[in-house]
Amino acid sequence: MSIGKFLAFFKGKSRLKLPKTAVVLQRAEHCISRKNISENALKVLYRLNASGYQAFLVGGCVRDMLLGREPKDFDVATNANPQQIKKNFRNGRLIGRRFRIVHILFKQEIIEVSTFRAYQDEDIDMSDEGMLLRDNVYGSIDDDAKRRDFTVNALFYNIADFSVIDFHNGLEDLKNGVLRIIGDPKIRYREDPVRMLRAVRFAAKLGFRIENETEKPIHELRVLLKNIAPARLFTEILKLFLGGQALDTFKQLRHYELLEFLFPATEHVLKGRNFANINDFINILLIDTDARVAEGKTVSPGYLTAALLWHSFYQEFKELKSTLKDSVVAFNIAYNNIVSQQQKAASIPKNFFLTARTIWEMQYRMSQLKPNKCFTLVNHPRFRASFDFLQLRSRAGEPINEVYEWWSKFYHGDDTTRHNLLGELTEKERNKRSRGRKNE
């Protein structure tokens, strides 16, 4: 039996009832092709449909394919409950507390499958601020569409007949480049304050304008981000800064005064006047980050942490050093203070902060230009990251060009070049000691 006949046979087992306001684009009216859909996602859709359940691609993957972009992942929505989903997939894993979903694990891909959620129910748990705490209440496809965050993310691709279903004028907003929240913005932001960060992320990612009513409550309700678990905010940081639009995202975070809930120390330094080059530094950092993402290269969260918190750390370190007169003690106290402040906002994993610590330590050690330490430093596992960081500082206008140029010659030079450079350093140290003895 062909796939078409196979699907047609089961199509009647789970009839789809849509509200009159829903817009349905038949296959000939949209650009989505199964050729653009992951084979694993199609397997999941076909199996659910064959078992008598409704099965749809939903969210960002549908949005991106309609925009002619390649989706990074594929999410599936269905009327099957989590246990029914898992029963159909031996490679399925139940996850989540607030809302149970199933991850279907393939070798190099995870397909996330969620049951249609009810829009409102007396059994849904909320905090005093209106934030959803637990909502394992299932509903219909149109209920689920209402629970989606933005209209352009509430588009469904039906594997039964290859149509696209739009419940909230998402197609029109997609056409006009508008990001619009579904429902009352204040209620939706109170339900989940992270939606404010998602609004910024999607606006930057898609190059869309945030609709007026959607952006109005952000300034008033942004303080609700303090109620979000610091670990969850770190997950959002990765999405915000590693999606390929880090610079635009950063500018929007500052525009809507949201950065202070992610990097409070960074926002504090940006508002001060102690570093003339900090804006150039961050612009260059984020331009480089976006370039690496565009080239398919990895970006180290530890390096990003070191860079975004560099000026905050350095300011604290300088102030402590002038008081304590001990660089090591000042460094340790400054580091611990920055870590403590940051972890209360967005909790960065320890290993990334240790990377940042090493990079900061190496900046000081590299600036000393000690002849007997140079080979030790250049062979350090974090030397390349530290050297790149030194270059970033130099490009941003910090007065360290001489140190950077020396390390650039030493790092890229052959044995003869390195020998000559070390010889010059040794001679300078000898002359310095000689002048010191004469002055005595």
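Predicted model: local features only at pLDDT ≥ 70, side-chain atom pairs only at ≥ 80, totals over all residues.
Local features need pLDDT of at least 70 and side-chain atom pairs 80 or more, while totals for chains, interfaces and linings use all residues. Residues are numbered from 1 along each chain as its sequence is written, and side-chain values use heavy atoms, without hydrogens and water.

View 1. Helices (H or I, at least four residues) and strands (E, at least two) are DSSP runs, numbered from the N terminus. Along the principal axes, the C-alpha atoms fill a box of roughly 100 × 50 × 40 Å.

**View 2. Burial and surface of the chain.** Of 440 residues, 50% count as buried (under 20% relative accessible area, 1.4 Å probe, protein chains only). The chain exposes about 22,600 Å² (Shrake-Rupley method, 1.4 Å probe). Carbon and sulfur atoms supply 47% of that area.

**View 3. Helix α18 packs with helix α20.** α18 spans residues 350–368 and α20 residues 383–395. Their angle is about 70 degrees, and their axes lie 9 Å apart (lines fitted to C-alpha atoms over the stretch in contact; angles run from 0 to 180 degrees between N-to-C directions). α18 and α20 are therefore roughly perpendicular (65 to 115 degrees).

**View 4. Residues where α18 meets α20.** From α18 come Thr358, Ile359, Trp360, Met362, Gln363 and Met366. From α20 come Phe383, Ala385, Ser386, Phe387, Phe389, Leu390 and Arg393. Contact means heavy atoms within 4.5 Å. The contact residues divide into 9 nonpolar, 3 polar and 1 charged (Ala, Val, Leu, Ile, Met, Phe, Trp, Tyr, Cys and Pro are nonpolar; Asp, Glu, Lys and Arg charged; the others, Gly among them, polar).

Conventions:
Parallel < 35°, antiparallel > 145°, perpendicular 65-115°, else oblique.
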